[in-house]
Amino acid sequence: ARAGWLADVRMRIVRAKRFPAEARSRGEVGAALVAVSFGADGSVTAARLSQSSGSASLDQEAVAVMHRAGPFSPPPENRATTIAIPISFNRR
């Protein structure tokens with residue numbers, strides 16, 4: 001159940017993620033680690049930067065996308081949970 005829920009979370013993040021224009025124009029890439037707390041109903045109750053990508057604009061987007069990507073499905077066993085999610089920004 002947890003693997004399926006995590007796959008759903010990842011899919012929603014990928015759909016909602018935006019590459020900040022200023023980071024793109026400067027050629028910035030990287031990955032930020034975001035600590036995200038989910039309520040029992042799947043709502044994002046908190047999201048904070050845990051590890052920087054090295055770019056302020058990418059870090060801001062990594063946190064913002066967590067709020068924009070919801071609502072998420074309830075976590076396994078409908079229990080509130082906190083997980084660390086890496087958000088990667090690469091040029092394609």
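Colleague: Quick one on Phe38: is it buried or exposed?

Modeller: Phe38 is buried, with a relative accessible area of 1%. Keep in mind that this is a predicted model.

Colleague: What is Phe38 in contact with, leaving aside its neighbours within four places in sequence?

Modeller: Its contacts include Trp5, Val9, Val44, Met66, Phe72, Pro75 and Ile85.

Colleague: Some rings there. How many aromatic pairs does the structure hold?

Modeller: Three. One of them is Trp5 with Phe38, an edge-to-face pair. The rings sit 5.0 Å centre to centre, with 80° between the planes. That pair links distant parts of the chain. Trp5 is in helix α1 and Phe38 in strand β1, 33 residues apart.

Colleague: And how do Phe38 and Phe72 pair?

Modeller: Edge-to-face too, at 5.3 Å centre to centre and 90° between the planes. Phe38 lies in strand β1 and Phe72 in the loop between α3 and β3, so this pair ties together parts 34 residues apart in sequence.

Colleague: Zoom out. How many residues are in the largest nonpolar core?

Modeller: It has 23 residues. Those with the most contacts inside it are Ile13, Val34, Phe38, Met66, Ile85 and Ile87. At least two residues each come from α1, β1, β2, α3 and β3.

Colleague: Which element gives the largest share of this core?

Modeller: Helix α3, with five residues.

Colleague: Strands next. How many bridges join β1 to β2?

Modeller: Six, and the two strands run antiparallel. Val34 has Leu49 in β2 as its bridge partner. The hairpin has five residues between the strands, and Gly42 there takes a positive phi near 95°.

Colleague: Now Ala16. Where is it found?

Modeller: In helix α1, which covers residues 2-16. Ala16 is buried, with a relative accessible area of 14%. Since the cut-off for buried is under 20%, Ala16 falls on that side.

Colleague: What does Ala16 touch beyond its sequence neighbours?

Modeller: Leaving aside those within four places, Ala16 is in contact with Glu61, Val65, Arg68 and Ala69.

Terms used: Residues numbered from 1 in each chain as written. Predicted model: local features only at pLDDT ≥ 70, side-chain atom pairs only at ≥ 80, totals over all residues. Heavy atoms only, no water. Helix = DSSP H or I, 4+ residues; strand = E, 2+ residues; numbered from the N terminus. Buried < 20%, exposed > 50% of the residue type's maximum accessible area, 1.4 Å probe, protein only. Contact = heavy atoms within 4.5 Å. Core = buried A, V, L, I, M, F, W, Y, C linked by side-chain atoms within 4.5 Å. Pairing = 2+ DSSP bridges. Phe/Tyr/Trp six-rings, centres within 6.5 Å; stacked < 30°, edge-to-face > 60°.
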